[in-house]
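Student: I would like to learn how to read a structure that I have never seen before. Could we go through it together, feature by feature?

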Number of protein chains: 2
Amino acid sequence: MFDIALLGTGGGMPMPNRYLSASLINYRGRKILIDCGEGTQVSMRILGWGFKSIDIICITHGHGDHIVGLPGLLATIGNSGRTEPLTIVGPEGIEEIVNGLRVIAKYLPYEVNIIENPKKVNLKVNKDNMVVVEDNNISDIIINTMEVDHSANCLAYKFSVQRQAKFNIEKAKENNVPKNLWNLLQKGETLEVDGKVYTTNMVLGDNRKGIKLSYVTDTRPIEDIKEFIKDSDLFICEGTYGDDGDIDKAIKNKHMTFREAATLAREGKVKELLLTHFSPAMIEPESFANNATSEFNNSTIGYDRLVKELNFIDD
Amino acid sequence: MFDIALLGTGGGMPMPNRYLSASLINYRGRKILIDCGEGTQVSMRILGWGFKSIDIICITHGHGDHIVGLPGLLATIGNSGRTEPLTIVGPEGIEEIVNGLRVIAKYLPYEVNIIENPKKVNLKVNKDNMVVVEDNNISDIIINTMEVDHSANCLAYKFSVQRQAKFNIEKAKENNVPKNLWNLLQKGETLEVDGKVYTTNMVLGDNRKGIKLSYVTDTRPIEDIKEFIKDSDLFICEGTYGDDGDIDKAIKNKHMTFREAATLAREGKVKELLLTHFSPAMIEPESFANNATSEFNNSTIGYDRLVKELNFIDD
C-alpha cells in the first residue's frame, strides 16, 4: 500500500554492507526518494523498484553523506526513459547545492523543479506520475517539513497519506442527491444539475485515518520534534550512536543516541520507531538495541533494504 | 612495488557487484587514484589500502560515472586526518567541475590543487607524501597525458616509474671522484669540492628500464593511442562492449569493443592488457574474453578489486 525501504543506513562514510542515507517510498507505483547518499543507485538496483517512477526527491540537508549520489541518480533516471518533470524538495540553499552537483549532469531529458524550504507540499498521485498541486483538498499525500537542529540547514519530513471518507448512503439520501451522481461525487467532482450544486461532502461520511510517516535525520532531539511526529505510524529517526556513553559526541556533532531517538518516539506517541544513520564506528548497531527498546519497546534497528509496509487501518 | 587495483570496473551505472570507474595505484605506500565513480569509497574500504595516503587524483573526464564519488571521498580523506595538500589532475574544464562538486565538500582540512590538462606531471615520492615537482630529473614518477576521442574532454594517462641507474665503480674512478662523495652523488646530489663540481652522472651507469602503466578510458581507439601506450608493462583500457556486434554502439557512444582494445594492445606492443569499464548491459564480460584474446593473447577481463603488481625487471 504505502511501502518504505531503507536504501542506506549509514552516516558519514559508506561501508561495504551499509550504504549512505537514502530511503525510498512506493505508493501506488509512484516513488518518493528521501536523501541520496553514495550507494543509493546500487541499493535501488538490488531492491528492484525501478528508477523511472521517481517523481519526488526530498533532501534533508546538503551534507555529502545525504546527497553525493544525486547527480549520478539523476543521470540514471534520464537513461531510464523518463521525460516527465521531477521535483526536488530541500532546505534553504538546496538550489545552489543541486545546481553545483549538476555540473556533471547538466543535460537531462526531463525538467528538474526545485522547491526550497517549503512548510508544506501537496502531492496528487496519478497513474503515470505524482505531481505537486496547490489545492490541499485534492492531494493524496501531504508533505510537512520542519527545520531541525543540525550543523547545516536541515529539514525533517512528514508524509501524510490522505484517506477518502467512506460513501455514506444515508447522507446521500438525506441530501437528496440523485443516484446517477453518486459515483462522480464520490470521486471528488462537484456537479451542477438543474441549478443545484452537488459536492462530495454530500455523499461522504467523516474523514478516515490515513497513514503518517515521519522522517527525522540529522538533528539533536529538539522539543518541537515531538509535536511534529505525533501519532506517526512509523517514525524513521537517526540513531548515529548506539552507546549511551557517546552522548557527548552526539551533542557535539548534532546527532542523537538510540536512547534519545527512542525517548522522542515514546513522547511523540508514535506506533513504531525505525532507527537509521549509524556511525561508521558502530560495527553492530543491533548490539545496542536495548538502549532503544528500554525507552520505547517497538523500536527496530534498520539495515539496508529493510522494507516496511504501512496500510490503512479500518476504524 | 608498484601495485594497481581496479576499484570499480563498470561504466554508466553502478551495479551491485560492479562499481563505477576507479583505480588505485600504490607506490611505496603513497597512492594515486584514477577516477572516482560511485562506490569508490566502498571498494577502497574493502581493499584496505587507506584513505589518508592519497596524494594525487587523476580524473579522465567529467562524466558522472568517473567522478560522482569525488566530493564524498575528499570529505573522507579529510576525516582520515590528512592535512597535506592533495593534487587533482584532469582535462580542460576539470576545475569548474571539481568546484561545482565541492559545493558539498567546501571545508577540507587540506588544500586541493588542480592541474588542468597538463601534458606532463613530474612526481617526487617522499616517505610521507608524493608531490608535484618541476624538475624532471628528480622525479620518481612521470605522468604523461594525451587527449582522446570521447563525448567530453578526456585524458588518457601514462605513469612511468623511473629507475635509478646502478652505481658504476669504474666510471667513478675514471672521473676521479673522491670516495667520500660516492654515496651522496649516488643519491642525486651535486657537490663542489676544492673548486671542482661533481655530479650524479659521474658515478652512475646507464639508465635502467622502469615500469610503464597506461590507462585509457573513455575513447574510440584513435591511432595516436598506439604510440602513447608503446611498450607499456600494463595497458588498462576500456572495453565497454564485449560483443563484436556492438561496434555501432561503440562508434556512436565513443567507446571501444574488446576487440578494438586488444588490437590497440597488440599494435602498441604492450606486455599485458587489462580490460575495464563494462557496459551495465553486459552481465558476464568474461564470456566475451575470446574477442580480446584472439587479437592479443595476454588480455585479462578486469573485476572489482583485481590487483596487479608491477616490478622492475633486471636487464
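This is a predicted model: local features need pLDDT of at least 70, side-chain atom pairs count only at pLDDT 80 or more; totals for chains, interfaces and linings use all residues.

Student: What is the overall make-up of chain A, in helices and strands?

Tutor: Chain A holds 10 helices and 17 strands, and its C-alpha trace spans about 70 × 50 × 30 Å along the principal axes. A compact globule of 315 residues would have a radius of gyration near 20 Å, and the 21 Å of chain A agrees with that. Buried residues make up 48% of the 315 residues, and among the contacts with a separation of 6 or more, 64% are between residues 24 or more positions apart.

Student: Into which domains is chain A divided?

Tutor: Domain 1 takes in 2–163 + 209–307, while domain 2 covers 169–202. The C-alpha centres of these two domains of chain A lie 40 Å apart.

Student: How should I read a sheet, and in what order do the strands of the open sheet in chain A come?

Tutor: The general idea is that strands of a sheet pair through backbone hydrogen bonds, either parallel or antiparallel. In chain A, an open sheet of eight strands with mixed pairing has the order β8-β7-β9-β10-β13-β14-β15-β16. The strands β8 (130–133) and β16 (299–301) of chain A stand at the edges with a single partner strand each, so one side of each is left without a neighbour in the sheet. From one strand to the next, the twist averages 20°.

Student: How many bridges join β7 to β9 in chain A, and do these strands run parallel or antiparallel?

Tutor: Strand β7 (residues 120–125) and strand β9 (residues 141–147) of chain A run antiparallel and are joined by four bridges, and in this pairing A:Lys120 stands opposite A:Asn144 of β9(A). A parallel case is found where strand β3 (residues 30–34) of chain A is joined to β4(A), again by four bridges; there A:Ile32 has A:Ile56 in β4(A) as its bridge partner. Five of the five residues of β4(A) (residues 54–58) are buried, so this strand is largely enclosed by the rest of the structure.

Student: Which strands does helix α9 of chain A lie across?

Tutor: Helix α9 (residues 258–267) of chain A lies across β14 (234–238), β15 (273–276) and β16 of that chain, and it runs at about 155° to β15(A).

Student: Which residues of helix α4 in chain A are buried, and where do they fall when seen down the helix axis?

Tutor: In α4(A), residues 94–101, the buried residues are A:Ile94, A:Ile97, A:Val98 and A:Leu101. Seen down the axis of α4(A), they fall within an arc of 95°, so they line one face of the helix. They pack against α2, α3, β5 and β6 of chain A, together with α4 (94–101) of chain B.

Student: Is helix α3 of chain A mostly covered or mostly open?

Tutor: Helix α3(A) is mostly covered, with eight of its 10 residues buried, including A:Leu70, A:Leu73 and A:Ile77. The buried residues of α3(A) pack against α1, β4, α2, β5 and α4 of chain A, together with α2 (64–67) of chain B.

How values were computed. Residues are numbered from 1 along each chain as its sequence is written. Chains are lettered from A and ligands numbered from 1 in the order in which they are written. A residue is buried if 20 or more other C-beta atoms lie within 10 Å of its own, exposed if 12 or fewer, and partly exposed in between; C-beta atoms are placed from the backbone. Helices (H or I, at least four residues) and strands (E, at least two) are DSSP runs, numbered from the N terminus. The arc is that of the directions from the helix axis to the C-beta atoms. Two residues are in contact if their C-beta atoms, placed from the backbone, lie within 7 Å. Two strands pair if DSSP finds at least two bridges between them. Axes are lines fitted to C-alpha atoms, for helices over the stretch in contact, and angles run from 0 to 180 degrees between N-to-C directions. The radius of gyration is taken over C-alpha atoms; the globule rule is 2.2 Å times the number of residues to the power 0.38. Domain bounds come from an automatic or database domain assignment.
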